[in-house]
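Hello! Here are some friendly notes to read with the model open beside you. Please take the points in order.

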Amino acid sequence: MKLFCKISFTISMTGFEKGDYFMNVRLTNREQEILNYLKYGLENDEIASEINISRSTVKFHIGEILRKLGAKNRTHSIYLAYQYKLID
């Protein structure tokens, strides 16, 4: 996982346009939906309530988002998502 982060930052420093490297990141529709709730600072319980799924399912999707983006935590995932134009 650390190698992935180093590669992504190296690529962004070499003149690639933001978003080029992460074009291959594929978030599911549900992961994208949850990522959008995360950017507003909602907690797992609040997200679960909004979209009628269990808290553990939200937690699973957040884990997948972190894994796919190579993020260390929720805040880092939002930073990366903005950085690589996955969210507006």
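1. A definition to begin: contact, or touching, means heavy atoms within 4.5 Å. With that in hand, I47 touches I34, Y37, L38, L42, V58 and R74, leaving aside residues up to four places away in sequence.

2. On the source: this is a predicted model, in which local features need pLDDT of at least 70 and side-chain atom pairs count only at pLDDT 80 or more, while totals for chains, interfaces and linings use all residues. Residues are numbered from 1 along each chain as its sequence is written, and side-chain values use heavy atoms, with hydrogens and water left out.

3. The overall fold comes next. The chain has five helices and zero strands, giving the pattern α-α-α-α-α along the sequence. Helices (H or I, at least four residues) and strands (E, at least two) are DSSP runs, numbered from the N terminus. Among contacts with a separation of 6 or more, 55% join residues 24 or more positions apart.

4. How much of the chain is buried? Of its 88 residues, 39% count as buried, that is, under 20% relative accessible area with a 1.4 Å probe, protein chains only. The accessible surface is about 5900 Å², and carbon and sulfur atoms hold 53% of that; the areas come from the Shrake-Rupley method with a 1.4 Å probe.

5. Now the core. A nonpolar core is a set of buried Ala, Val, Leu, Ile, Met, Phe, Trp, Tyr and Cys residues joined through side-chain atoms within 4.5 Å. The largest one has 21 residues, of which I34, L35, L38 and I47 touch the most other members. At least two residues each are supplied by α2, α3 (44-51), α4 and α5 (74-83), and the largest share, five residues, comes from α4.

6. How do α2 and α4 meet? The axes of α2 (residues 29-38) and α4 (residues 55-69) come within 10 Å and cross at roughly 90°; axes are lines fitted to C-alpha atoms over the stretch in contact, with angles from 0 to 180 degrees between N-to-C directions. The two helices are therefore roughly perpendicular, a term covering 65 to 115 degrees. R30, E31, I34, L35 and L38 of α2 meet V58, H61, I62, E64, I65 and K68 of α4.

7. Finally, A71 sits in the loop between α4 and α5. Its relative accessibility is 12%, so A71 counts as buried. A71 touches L66, H76, S77 and L80, again not counting residues up to four places away in sequence.

How values were computed:
Parallel < 35°, antiparallel > 145°, perpendicular 65-115°, else oblique. Buried < 20%, exposed > 50% of the residue type's maximum accessible area, 1.4 Å probe, protein only.
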